[in-house]
Amino acid sequence: MRRDYDPNSVVKRLTLVISVALALGSFMPQAAGAESGQITYLVGGDRTLGKTAAVEWEGAWVKNLSKAFARAADDLNAGGAITVTIKVAQGEYDGDLGSGAYQLPQFTNPAGVLIIEGGYDPAFALRNPFSTPSWITTIPERSAPLVAFARNSKLQGFIVDGMFFDTGQSNRYDSKTNSLLVGRSCTHPFFKFNYFETEVLAFENCTFMNSASRVMEPLIRAASDQAEIRYQNCMFVNNRIPLKLDSARFRNKPARIAVDHCSFVLNWAYNPDPGTGNPAALEIGPADAAREIQITNNLFQCNFGGAILALNRRMPALTISDNNFIGNGFLHGDGEPDAVAMIVTAGGRKHPLTVADIEDVPAVDEAEGNVSLATGIPLQLGDVAMVDSENVRAADTWANEVRRMLGMNLQGGTVAIRDYAPRQTYDPQEPPFPAFSAAAGYGATADIVDEIWQLRMASR
């Protein structure tokens with residue numbers, strides 16, 4: 001059921017969607033069918049129904065994602081302006097041969113586009129990524145990134161639409177303290193790009209959950225100075241420092257990095273210490289990351305260490321507008337709803353800002369319409385026990401006596417923590433969308449999934 005959105009919010013909500021479609025139209029082939037540069041693979045679901053649907057899509061059904069990636073690479077590497085779309089049915093997908101990770105083949109076609117499209121029902125007739133998720137899961141023994149590109153791959157565009165990524169299985173948790181055990185968990189990122197070169201990198205309608213370390217840094221090589229990196233209508237839930245907006249240093253600087261209608265909910269600092277170097281959910285890279293960064297129409301709620309971190313002396317031109325910041329100050333001892341919307345450097349130290357203070361930051365070109373509105377999303381941080389590193393004293397051990405004589409750093413004593421980044425589960429019947437109408441226009445929602453897809457199809 002659609003909620004009653006404010007008309008002005010709807011206009012703002014569609015602005016970036018339309019710009020995405022127009023940008024894609026500049027490189028998407030213009031007709032359907034393999035002969036005209038469109039190839040489709042259907043993955044998973046019911047074999048019989050999938051093969052029937054493949055005929056309707058003028059494509060082929062394959063059993064698993066590994067086979068689909070291999071076939072896509074063969075098609076794309078043949079050269080020319082070709083788009084391969086991999087449509088993925090709901091269900092769990094646990095890596096190459098059940099290894100808990102996918103190693104993509106090398107892509108060598110700078111005119112080719114790969115689209116991964118999840119959330120389909122078993123017959124590929126209906127699609128809802130948030131209610132019928134195509135779930136990229138893993139295994140306890142994972143020892144690699146969830147998805148890794150072959151080194152120096154090249155494509156015109158790489159678009160991931162409607163996939164669910166969850167690495168909770170490869171984490172370790174302490175049942176006594178209800179906390180993530182970082183040192184015993186797999187801290188490889190969800191995506192490793194390995195100097196992937198492209199014009200467009202886009203994640204749409206995706207969910208990223210339970211990371212033990214950074215979900216990703218989009219460290220791509222920009223194929224031209226018009227290259228774009230986009231996150232749209234995505235959810236980042238219960239991750240440790242989930243996203244840094246940056247790119248690989250190359251001959252071109254991306255034109256922009258855009259984060260629009262995304263939800264950053266219940267994410268965690270690098271460690272539960274107010275002095276930690278990486279406390280916030282979204283980190284802004286340096287000036288070389290892109291010419292501009294746009295952060296619009298997002299929801300930042302209950303992120304333990306703060307919403308946005310921007311510590312570089314020189315940064316891209318920043319637009320931070322029409323976002324909802326609510327309850328992000330817990331690590332800093334500030335329970336006000338609008339607290340720690342942004343953390344910057346001021347007076348030689350990290351300085352947390354309220355929502356109203358964002359527009360005072362010199363690097364921020366525009367900061368209009370930011371609010372702090374209750375959402376009605378049921379969240380529970382627990383009774384988090386933190387540590388202040390300034391109060392940790394060196395342990396009285398023989399090892400520290402040796403380290404002191406050698407002029408080495410001393411090791412601190414043990415510190416008890418509690419309720420730090422415990423594993424969370426996802427209920428497809430109740431995704432964490434705002435329940436209150438006043439906040440419904442901020443963050444991810446199922447209501448614009450079809451609009452994004454239809455605009456992309458219309459641009460072909």
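Author: An open sheet of mixed pairing is built from five strands, in the order E20-E23-E26-E29-E30. Strands here are DSSP runs of E with at least two residues, numbered from the N terminus, and two of them pair if DSSP finds at least two bridges between them. Strand E20 (243-245) and strand E30 (349-353) are the edge strands, each pairing on one side only. From one strand to the next, the twist averages 25°, with axes taken as lines fitted to C-alpha atoms and angles running from 0 to 180 degrees between N-to-C directions.

The model is predicted: local features need pLDDT of at least 70, side-chain atom pairs count only at pLDDT 80 or more, and totals for chains, interfaces and linings use all residues. Residues are numbered from 1 along each chain as its sequence is written, and side-chain values use heavy atoms, with hydrogens and water left out.

Within the sheet, strand E26 (residues 308-310) runs parallel to strand E29 (residues 342-346), and three bridges join them.

Strand E27 (residues 317-321) is paired in the parallel sense with strand E24 (residues 292-296) over five bridges; Gln-294 has Thr-319 of E27 as its bridge partner. E27 also pairs in the parallel sense with strand E31 (residues 364-366), over two bridges, and there Thr-319 is partnered by Glu-366. Because four of its five residues are buried, strand E27 is largely enclosed by the rest of the structure; buried means under 20% relative accessible area, with a 1.4 Å probe and protein chains only.

Definitions and conventions: Buried means under 20% relative accessible area, exposed over 50%, partly exposed in between (1.4 Å probe, protein chains only).
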